[in-house]
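Hi everyone, thanks for coming. Let me put today's structure on the screen, and then we'll walk through it together.

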Amino acid sequence: MEVYNFGAGPATMPKQVIQQIRKDLPSYQGSGMSIMEISHRSKIFEEIIGTAEKDLRELLKIPNNYQVLFFQGGCTQQFTAAPLNLGKKYHRIALLDSGHWATRAGIEARLVGMDVDVLASSKESNYTKLPIIKKKPADTYDYLHITTNNTIEGTAYSKLPDVGKLTLVGDMSSNFLGQQYNINDFGEVMAGAQKNLGIAGLTIVIVRNDLLSNNENLPSMLDYQVFAKNKSMFNTPPVFAIYVAGLVLKWVKSQGGLVEMEKRNQTKSNLLYDFLDHSELFTAPVIKSDRSLTNVVFITGNQKVDQDLISQAASKGLLNIKGHRLVGGMRASLYNSMPLTGVERLVDFLEKFEKNQR
Ligand code: PMP
């Protein structure tokens with residue numbers, strides 16, 4: 001039975017990439033060593049990380065005055081690193097409270113001594129829409145943190161808020177490479193790899209040169225300057241995860257790059273939202289203008305029916321459509337490597353399930 005994994009991350013990967021890993025695993029490019037055994041100081045790995053960076057720069061059109069850094073520690077670690085590196089003038093950052101991950105970013109920033117001002121929140125509407133900034137924010141913030149795609153709540157910024165001269169820091173974890181943004185609009189972008197860039201263990205930071213700190217008191221492992229100077233090899237980087245990211249980037253390029261990825265994600269999510277909007281059983285609670293292309297949230301309003309649906313879906317090979325434990329209901333993650341056929345199968349299943357409820 002063909003299986004489709006709608007999990008939010010770690011998530012489905014391109015089949016071709018898995019096949020390539022399988023091929024490479026015993027002996028990487030005839031070296032007689034597995035990629036798992038190769039030194040990060042070797043020529044082989046230098047080539048792998050160098051090519052991954054080059055391909056990422058090309059795909060995202062990253063300008064030369066930005067660093068691309070490879071971290072471990074997940075995006076959560078960047079909730080600490082970003083304020084430490086960028087929060088140096090005012091020790092004060094602004095936040096748009098669009099849901100769980102934005103809230104977490106605020107909590108971590110406070111833990112390292114930042115004042116955090118929530119400029120707008122959509123908590124009252126259960127995060128079914130994006131928060132809107134009503135007036136121009138003050139200049140006296142080191143940056144404004146936004147979550148471009150809210151993985152749990154299923155909202156996304158397709159247009160960035162107008163923040164005047166403020167530096168924007170974007171947590172792009174769940175629509176990185178899945179939707180197009182202009183890197184120039186951000187001072188920093190952070191993204192965990194385990195959704196659209198491969199496997200867990202790698203986090204990408206893209207940061208503008210003028211924001212790199214000269215603070216020698218920062219812990220080295222959180223210091224963007226240290227990582228930039230050492231080409232992300234201050235210590236042993238996550239070699240395997242970077243190798244996988246390299247393969248995923250090649251795959252994205254071969255498929256037509258970000259224009260094509262966004263187009264496909266648009267088509268897939270439209271198909272599902274369109275079904276949900278016409279259904280009498282299901283509801284997609286997020287307002288239309290703010291809907292995520294990569295994480296589609298839906299509910300029936302009846303927990304027992306939800307549970308029944310989730311287990312029936314699993315028995316048909318439609319896996320991991322359970323919503324996040326914080327919000328319940330269902331969520332289908334439609335990252336780059338989820339094929340249209342997977343979404344067609346899901347819609348077909350939901351349609352039949354609905355008929356059987358009558
Ligand atoms: N931000 C967003 C938008 C996420 O979806 C996640 C994880 N799903 C995180 C941050 C945290 O990432 P990590 O688990 O890699 O620390």
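In what order do the seven strands of the open sheet come? The order is 2-10-9-8-5-3-4, and the pairing is mixed. Before I go on, this is a predicted model: local features need pLDDT of at least 70, side-chain atom pairs count only at pLDDT 80 or more, and totals for chains, interfaces and linings use all residues. Residues are numbered from 1 along each chain as its sequence is written.

A few words on terms. Helices (H or I, at least four residues) and strands (E, at least two) are DSSP runs, numbered from the N terminus. Two strands pair if DSSP finds at least two bridges between them.

Strand 4 runs parallel to strand 3 (residues 92–97), and six bridges join them.

Elsewhere, strand 11 (residues 295–298) pairs with strand 13 in the antiparallel sense, over four bridges. V296 has A332 of strand 13 as its bridge partner.

Finally, the ligand. Which helix gives the largest share of the shell around it? That is helix 3 (residues 74–86), with three residues. Among the residues around the ligand are G74, C75, T76, W101 and D171; being near means that the C-beta atom, placed from the backbone, lies within 6 Å.
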